[in-house]
Each structure stands twice: as structure tokens, then as C-alpha cells.
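Have the viewer open and follow along.

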Amino acid sequence: MRCSWCQKEIIRNLTMQEILWPFYLQAERCPSCSELLSPITEPCCPTCQKMGQASQCQDCLDWQDVYPDYKFQHHAFFQYDDAFQAWIHQYKFLGDYQLRRTFMAELRKFLKKEKFDVICAIPLSEERYLKRGFNQVEAFLTGANIKTQKLLVKKMNTVPQTQKNRAERLMTQQPFEVIVSKEDVQGKRILLVDDVYTTGRTLFHAAEVLNPYQPSEIRTLSLAR
């Protein structure tokens, strides 16, 4: 078995379950790569997991003013620090597709505990998809054998969020539209998934267009915050 990040060989004893049923084997990171990552820990904002906040942060209070009818709740696994930025640069911008399984364990564990009717990856514009060759969010979900459903399309190509400052991100126009019927969303528990949560603008835009279709709940997830 090789590390799902650095691709170095991992030598460890297999469990009896893995020996008897090899399909239980899943991609994993070596200890060295895992130590590079910084998990999100408490205290953190209870609604967006911004670290250093024992109570709801000002960002979330501001979003609540903008979307008073949306009871949002976000979960992320790791801090968006230098190590995570290095991983996402290699995966997303250099197109290292084999890295899609790096966070398989975290995704499976979360979705074993939390049950959703529909899991939707944030879409790319057609132009961005053709340039990159894959949707990085859909790829890491399907790489973890997680079934997804397309609810949205991105109707315009926008400048990557990494090239914008905070004010520019918050001013981004609504880029999404729903491509399914109301029956596909109404009364269902929806999980919207992105790679990174910075200001939250992308995920709030996605939730904004889905809310009129009356889901029972919309939750959001990202690998890093």
C-alpha cells in the first residue's frame, strides 16, 4: 500500500478484517503526511468552525443577517494552512488526480455518522472544467466511493477565489442555477461539498438557489477551513 499523498510505501500489519475481506482496505496517508496537517480543534465557531471562537463568529452573524431563513451549519476537517495549501496546489492546480483519495478516511467517517439524502459537489463552470479536466470536489467524493447527485450548474466562469481578496469574494455575483425539479430537493436533507471554506461565499450562493426548493435542511462540508 502506498500513501495517498506522497505515494511512499506504507508498511504495516493488516487487520484480520482486511486479510479476510481485502475490499475493506482503503487509501490512507503515511504518518509523515498526516503530521503535516492541522485538524480543526476547539474552541471554534459552532456554525462555521472558525478557530479561536468559543461562540458564533462575526462572519456567521453577518451571514445570518443576509440569509435569515437559512439555518446553516458547516463542517471542515483541517485548517487551511501552508501544508493544506501545498496539497491543494498539487491536486487542484497541477492536476495530480491520484491525490483525490487523500482524505477518504475523513469523508467516510463523517458520512457514516451523518446521513444525507443528497450529496452535491459544488460544480465548476464549463470553461474551468475543460481547462482542469476534472471537478476536484466530485473527484475526491467519488474517489471515496461516495455517491453524488448534480443539483446545480455554474452558469458563468469566475476568477478563482484564491485570486480575490475578501471584499472581492463577498461581492461575487450569484453563479449557480438549479438543474433539477423541486421534487428532487423538497423535503430532503442536502449536503453541499466544496474543497475549502474561506469566506463561505460560494457555499452560501449554492444554498441560496436551492432554498426555494424547500429542502428539509442544507448542510455544508469542506476539507479545510
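Keep in mind that the model is a predicted one. Phe134, by contrast, is buried, with a relative accessible area of 9%, and Tyr91 is buried too.

The structure holds 16 aromatic pairs.

| Pair | Centre to centre | Angle between planes | Geometry |
|---|---|---|---|
| Tyr91 and Phe134 | 5.6 Å | 45 degrees | tilted |
| Tyr97 and Phe134 | 5.1 Å | 75 degrees | edge-to-face |

Tyr91 sits in helix α4 and Phe134 in the loop between α6 and α7, so their pair ties together parts 43 residues apart in sequence. Tyr97 belongs to the loop between α4 and α5, and its pair with Phe134 links parts of the chain 37 residues apart. Ring pairs also join these residues into a cluster whose members include Phe78, Tyr80, Phe84, Trp87 and Phe103.

Now to the sheet. What is the order of its four strands? The open sheet runs β1-β6-β5-β2, with parallel pairing. At its edges lie β1 (74-78) and β2 (118-121), each pairing on one side only. On average, neighbouring strands are turned by 20 degrees against each other, direction ignored. Four bridges join β1 to β6, and His74 has Thr220 as its bridge partner in β6.

Helix α4 packs on this sheet, touching β5 and β6, with its direction at about 95 degrees to that of β5. Helix α9 also packs there, touching β1, β5 and β6, at about 155 degrees to β5. Eight of the ten residues of α9 are buried, among them Phe204 and Leu210.

Note on methods:
Residues numbered from 1 in each chain as written. Predicted model: local features only at pLDDT ≥ 70, side-chain atom pairs only at ≥ 80, totals over all residues. Heavy atoms only, no water. Buried < 20%, exposed > 50% of the residue type's maximum accessible area, 1.4 Å probe, protein only. Helix = DSSP H or I, 4+ residues; strand = E, 2+ residues; numbered from the N terminus. Pairing = 2+ DSSP bridges. Axes fitted to C-alpha atoms, helices over the stretch in contact; angles between N-to-C directions. Contact = heavy atoms within 4.5 Å. Phe/Tyr/Trp six-rings, centres within 6.5 Å; stacked < 30°, edge-to-face > 60°.
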